Amino acid sequence: MKRMKGGEEGSDDSSCESPAEVCKKVRKQLSDDSEPEVAESLDCNWARLPQELLLHIFQYLPLLDRAYASQVCRGWNQAFHMPELWRCFEFELNQPASSYLKATHPDLIKQIIKRHSNHLQYVSFKVDSSTESAEAACDILSQLVNCSLKTLGLISTARPSFMEVPKSHFISALTVVFVNSKSLSSLKIDDTPVDDPSLKVLVANNSDTLKLLKMSSCPHVSPAGILCVADQCHGLRELALNYHLLSDELLLALSSEKHVHLEHLRIDVVSENPGQHFHTIKKSSWDAMMRHSPKFNLVMYFFLYEDEFGPFFNEEIPVTHLYFGRSVSKEVLGRVGLHCPRLVELVVCANGLRPLDEELIRIAKHCTQLSAIGLGECEVSCSAFVEFVKMCGRRLSQLSIMEEVLIPDHKYSLDEIHWEVSKHLGRVWFPDMMPTW
Amino acid sequence: MVVNTIHWFRKGLRLHDNPSLKDSIRGSDTLRCIYILDPWFAGSSNVGINRWRFLLQCLEDLDASLRKLNSRLFVIRGQPTDVFPRLFKEWQINRLSYEYDSEPFGKERDAAIQKLANEAGVEVMVRISHTLYNLDKIIELNGNQPPLTYKRFQAVINRMDAVEMPAETITFEVLKNCVTPISEDHDEKFGVPSLEELGFETEGLTTAVWPGGETEALMRLERHLERKAWVANFERPRMNANSLLASPTGLSPYLRFGCLSCRLFYFKLTDLYRKVKKNHTPPLSLYGQLLWREFFYTTATNNPCFDKMDGNPICVQIPWDRNPEALAKWAEGRTGFPWIDAIMTQLRQEGWIHHLARHGVACFLTRGDLWISWEEGMKVFEELLLDADWSVNAGSWMWLSCSSFFQQFFHCYCPVGFGRRTDPNGDYIRRYLPILRGFPAKYIYDPWNAPEEVQKAAKCIIGVHYPKPMVNHAEASRINIERMKQIYQQLSCYRGLGMDASLLATVPANSNFGGNGTNPRTVSTATNEGPGGSSKDPSVQVGMSQTERAQSVQKRRHEETPLESSSKSWKQSK
């Protein structure tokens, strides 16, 4: 295609071509490259566009538009069904009674299973909070017998509806995929009733290829079950699970010589009942992890009552991203400052009404990698906050502090503080605000 | 030529700072101030009894003030498009005035009336006085787009010309020779209706905690300023247990109905500040309440879909749950969480709750616990909250549910802890939920944890006399934070390097799935400014439900490059 030149150079010819003339040029080019006969008409023969070009164009179109395009002629219909266009699919399963969003059309689903199930490689299911939607997902899964999936994601977009599906139904559907794919690389099954035996099936068939496994909040899995995965799947690079599945053995398995470097470990620490007791992980296990995978991210999300933090942060722990979803005490934050040298991101939802001045400054001092911090319902005096920012300096790329957190003192008022902080950060900064009616 | 004028009250229910009324009086021979009431809506519309009562009290107050000027208020039943042609003819009207309404529905309605007026040869006089500024000018100054972050908004405001002075109050001097023809049967034909006449059951209705009207508004303004002067401190007051209760200096409902002019408030605040702080320039934070209101009006004025998720270009498409049962529990104060239930009870009884209380219940309904759409919460507020007008209500709900305006979503208000920290003794709970009066402070926020003896002593068994908590908060917040993360991670795909992203969302989770091929309704907003960071305003891409990722990325426009160099993006998922 001839490129249009700008007008400045004074050449007018390039900008004066009529569409018909452009088409002629395209056609000529195409005919030179592809077929010998060229229809001598002024209309472009879009039907003769090569399949590779069609494919490329179709990949830009949303499915609905593509489907319309496929009705135009046989050639375009063929292009529509090319395997390359069916590698990735996201099934959206919603019921009108429980969701505002539309669902993937059942006819489309039938079509895909019929004509394209063996092309599918990257599949995800997004289900709403109704059991029906989760069951529909399982039904589809059960039919993916010819699939060699690389990626599978079961995602609840609201309440975890997979947990409402009869366990056996779910397990048998999931096992179909495990057994048939044999090349699963990425598996997301958070909030599902997956259990130890099904993990064994997963491992038996996909241990060479599995790289990512996300299974937070899967209550039917035991520490032994996940240990089996760690022992066999040596390529595992990303793992997400709940704290009750974490054990010293697991960490050691992940640090074994045969294992690749772990990149990302996400742990959810959730309290079912107040006063719940949590086991401790030995420092030596964390040390082994660090030796084996010195760059790995350890992401921990805590949803505990304030008095349940006893077992945590008493020794050094290589956590990089820390989120406290409920109130966490000053004392615990103090321990965090002492024992988390690798900390990169810290988010505190709530703390209480005693200023966190010392704790923050300690964190600034010892957590030299800290580059992101978020504070919700906490209190920090303005002076301490400025000190904190000064100590961290420009490495703080994310500083998200609710306005109510900052307590003005004799040195700084709220209006002055944002200049001070901006100065030390090297960019304009304001606290986060909430609308006041 | 005789000039017969109608002034049409909608909001702006006041005689002070009413430039459209004042200007239309000049040269008029007769003046009739009207309010058009559609009584058919009283039963079916989403407006509760407190709002109606407040409105009627405003109208009574206007009528009383007009009486002092030998005039009256004319309350007309019907729809504007039916009412006006009739009135134009009957009263031989050649001039119509009203205060400018910036909301999309208002603009549409007024355009229709303008047309009718033009056809009838009626001159129309419109003036801006419900907002501090001309909102179109703000938008213009921001590159023809409304600022989508409050910081950006403040920056633009700083560059605007000064706020116009309030117009002179309507007095006998202003009226001069302008008269109002009042008939014998005025009360019958045009009197302010009562709640009963509108079909409300008023038996057992307690006195209004927030009495409507301009007189009350101006009195409160004086008190409000007195209190500020006495405190001599213009900082935002610390939240305490008392703040939760209705204040005799609270002004928000009066600003909403226009009983109090925002410009008057603005200037009085400025004068007071200068007096107390010896002529220092007031900081923008002094006008916080007014500027938030202005901000939402500005964002909403050109967006008729502002109060919806579907089709709203600035709203993140979040897969909210449809759950009418859960919604009803929340709306009626039966969640089993005393903090939430007390707030919703106060709201229903009185029509006002503190803004932090609003945050608490809004968070609980949406991203915090119930995962129900903010639109539902907005509708409940619309019914019950005296100061909820379309723009501010919708805007605030989107804000609080993290559906827009680039809010960090990590901050979740705990339905137990937040209340406990605000009012440790629990007096607020006892006041609005008398059934829980017997509980000691230790258990009043989570009575389900109280041992049986305590519940028995309090004469309130949880599950019998007061509901059990409808969700497990730890579990719900864990799930919801994960959902929000899913959504924001998809958004952050659109962000380039060097932009502030959401906390929590940057933690790697590779998506080597494409969403190709299906209804890509999950994302409609692509942004390139992060929250809490730079003062740059993102260019917001108009979201269309069928937009494919590739297309969106190509269409994205950058307003300005950020100041700082690229922040390390550890989101890379290789």
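The model is predicted, so local features need pLDDT of at least 70 and side-chain atom pairs count only at pLDDT 80 or more, while totals for chains, interfaces and linings use all residues. Residues are numbered from 1 along each chain as its sequence is written, chains are lettered from A and ligands numbered from 1 in the order in which they are written, and side-chain values use heavy atoms, leaving out hydrogens and water.

**A threonine in chain B**
- Thr366(B) sits in helix α16 (residues 355–368) of chain B; helices here are DSSP runs (H or I, at least four residues), strands likewise (E, at least two), numbered from the N terminus.
- Thr366(B) is buried, with a relative accessible area of 0%, where buried means under 20% (1.4 Å probe, protein chains only).
- Its contacts (heavy atoms within 4.5 Å) include Trp320(B), Trp371(B) and Asn480(B).

**Nonpolar cores**
- A nonpolar core is a set of buried Ala, Val, Leu, Ile, Met, Phe, Trp, Tyr and Cys residues joined through side-chain atoms within 4.5 Å.
- The largest has 277 residues, and Phe324(A) is among those touching the most other members.
- Apart from that core lies another, of 18 residues, including Ile6(B) and Trp8(B).

**Strands in chain A**
- Strand β11 (residues 372–377) of chain A is largely enclosed by the rest of the structure, because 6 of its 6 residues are buried.
- Strands pair if DSSP finds at least two bridges between them.
- β11(A) pairs in the parallel sense with strand β10 (residues 345–350) of chain A over 5 bridges, and Glu345(A) stands opposite Ala372(A).
- β11(A) also pairs in the parallel sense with strand β13 (residues 398–401) of chain A, over 4 bridges.

How values were computed: Buried < 20%, exposed > 50% of the residue type's maximum accessible area, 1.4 Å probe, protein only. Lists of a residue's contacts leave out its neighbours within four places in sequence.
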